[in-house]
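Trainee: I would like a close look at one helix and the neighbour packed against it. Please take me through it piece by piece.

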Amino acid sequence: MYGPWRAEKYLLSIQTKNRIKNKTENRELTDRIRKIHTESKQRYGEPKIHHMLEKEWLKVRLKRVQHLMKAAGIYSIIRKKYRPHSNKGKMEENGHRSPLLQRLIRI
């Protein structure tokens, strides 16, 4: 009679201990993530922060880092990559030609 009830009580006590342990670990991890993020001038995202944590011998999954960053409201600064655009076709359509192009046409 006492067997199942004791087992449930034991499992619940272990689960609550694990939850408390995870909350404190998450707080410490979030503080470390914030520190790395500010040291990088808010440029590092989840993959680089995860890599930095691995360098410090902290075994954490990338998914956990993503969840903690999202919960803490930590985002990286994203810049658009520069892509060169050619204006040659537009300039010729508008009647504008470069001096070099005009000289080549005259020759």
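Mentor: Start with the inward side. In helix α2, the buried residues are I49, H50 and L53. Viewed down the axis of α2, these buried residues fall within an arc of 105°, so they line one face of the helix. The arc is taken over the directions from the helix axis to the C-beta atoms. Buried means under 20% relative accessible area, exposed means over 50%, and partly exposed is in between, with a 1.4 Å probe and protein chains only. Helices are DSSP runs of H or I with at least four residues, numbered from the N terminus.

A word on the source. This is a predicted model, where local features need pLDDT of at least 70, side-chain atom pairs count only at pLDDT 80 or more, and totals for chains, interfaces and linings use all residues. Residues are numbered from 1 along each chain as its sequence is written, and side-chain values use heavy atoms, with hydrogens and water left out.

After α2 comes W57, with a positive phi near 65°.

Next, the partner. Helix α2 covers residues 46–55 and helix α3 covers residues 62–72. Their axes come within 9 Å and cross at roughly 120°. Axes are lines fitted to C-alpha atoms, for helices over the stretch in contact, and angles run from 0 to 180 degrees between N-to-C directions. Helices α2 and α3 are therefore oblique to each other. Under 35 degrees counts as roughly parallel, over 145 as roughly antiparallel, 65 to 115 as roughly perpendicular, and the rest as oblique. The crossing of α2 and α3 is right-handed: the near helix is turned clockwise from the far one by less than a right angle.

Who makes the contact? From α2 come E46, P47, I49, H50 and L53; from α3 come L62, V65, Q66 and M69. Contact means heavy atoms within 4.5 Å. By class, this contact has 6 nonpolar, 2 polar and 1 charged residues. Ala, Val, Leu, Ile, Met, Phe, Trp, Tyr, Cys and Pro count as nonpolar, Asp, Glu, Lys and Arg as charged, and the others, Gly among them, as polar.

Zoom in on L62, which lies in α3. L62 counts as partly exposed, because its relative accessibility is 33%. Leaving out residues up to four places away in sequence, L62 touches E46, P47 and H50. L62 and E46 are 16 residues apart along the chain, and their C-alpha atoms are separated by 7.1 Å.

Technical notes. Helix = DSSP H or I, 4+ residues; strand = E, 2+ residues; numbered from the N terminus.
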